[in-house]
Amino acid sequence: MWMLPEQNQSWVSEFILLGFSTDPISNRILFVAFLLLYLSAILGNGLIITLICLDSHLHTPMYFFLCILSILDMGYVTSTMPQMLVHLLTHSQTISFTCCWLQMYVFGALALTECIFFVVMAYDRYVAICYPLRYTVILSWGMCTRLAAGTCVCGFFFSLIHTFLTMRLPYCGPNIVNHYFCEGPSVRSLACMDTHLIEMVDLVISVFVNVTPSCLILASYIRIVQAILKIKSTRGRCKAFSTCASHLTVATFFYAPAIYIYLRPDSSYSPERDKQIALFYNVFTALLNPVVYSLRNKDIKEAFIKVMGHGRGAN
């Protein structure tokens with residue numbers, strides 16, 4: 001235990017994550033369901049990464065960014081799900097202060113990076129459709145690498161601010177977090193001091209990484225739709241709309257719950273509802289990415305068939 005220097009109190013050294021249920025039978029059912037969701041998300045995103053790496057026809061900026069998105073999805077779902085699965089099978093639901101700090105930082109870093117990264121993907125579609133002849137010139141491999149690296153730096157930096165300000169608060173009890181992982185607002189609600197200033201900082205960060213990217217994506221798609229409507233070929237318009245719809249679908253399902261969680265006032269905080277919403281943008285969007293891009297994308301389907309064909313041929 002850490003002792004407060006001026007009070008006869010002790011800081012908490014661990015938190016208890018309540019999760020979704022305390023009933024053993026329900027926990028076993030939830031374990032099977034969440035394990036299947038987790039494995040599906042990992043295998044689906046892993047398949048996309050593998051196909052993009054193996055098929056040279058997919059070595060384009062669009063699929064480079066899709067590969068990065070899959071890596072981010074695999075990372076942030078792995079930052080929360082394995083521990084939740086362990087807690088569903090064991091009697092102990094504790095997490096040390098240090099591990100809570102680390103989980104909050106890693107999850108936040110990857111999630112915030114993905115928030116900004118969707119803007120990069122929208123910019124890719126904007127250049128591809130509005131400036132097709134200059135696409136490879138504008139989005140050179142050097143530019144793609146800088147855009148990907150820049151989003152990672154921003155995401156990890158903002159997460160560091162959020163995590164540092166949250167975890168440096170005094171936590172002198174209670175230590176029960178009504179969530180399935182160390183999510184910022186849920187942990188912050190246990191602090192034994194006023195958190196108004198930190199809430200304002202989090203609000204500014206949320207506006208920057210949620211609202212601003214959403215507005216930029218909306219603006220880019222307005223321009224994209226205007227450009228698509230000028231395409232004379234019906235087949236060309238359908239293909240352009242199809243590639244954009246995949247990105248827009250995944251981005252919408254990611255931003256909507258994240259904006260609700262981090263931009264609504266703390267007075268409307270509802271632990272049970274927030275856990276369900278967090279599960280949606282944490283797990284289901286990671287699962288949605290490979291489903292949407294594989295079902296709606298002809299290139300991914302052809303790459304899968306080609307790889308499977310090579311596998312049969314090798315046998």
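Mentor: A disulfide here is a pair of cysteine sulfur atoms within 2.5 Å, and a search of the whole structure finds 2 of them. The model is predicted: local features need pLDDT of at least 70, side-chain atom pairs count only at pLDDT 80 or more, and totals for chains, interfaces and linings use all residues. Residues are numbered from 1 along each chain as its sequence is written, and side-chain values use heavy atoms, with hydrogens and water left out.

Cys100 lies in helix 4 (residues 97–130) and Cys182 in the loop between strand 5 (176–177) and helix 7 (184–188), so the pair ties together parts 82 residues apart in sequence. Helices (H or I, at least four residues) and strands (E, at least two) are DSSP runs, numbered from the N terminus. Both Cys100 and Cys182 are buried; buried means under 20% relative accessible area, exposed over 50%, and partly exposed in between (1.4 Å probe, protein chains only).

The sulfur atoms of Cys172 and Cys192 are 2.0 Å apart and form a disulfide. Its torsion is about 125 degrees, so the disulfide of Cys172 and Cys192 is right-handed. Cys172 counts as partly exposed because its relative accessibility is 22%, and Cys192 counts as partly exposed at 35%.
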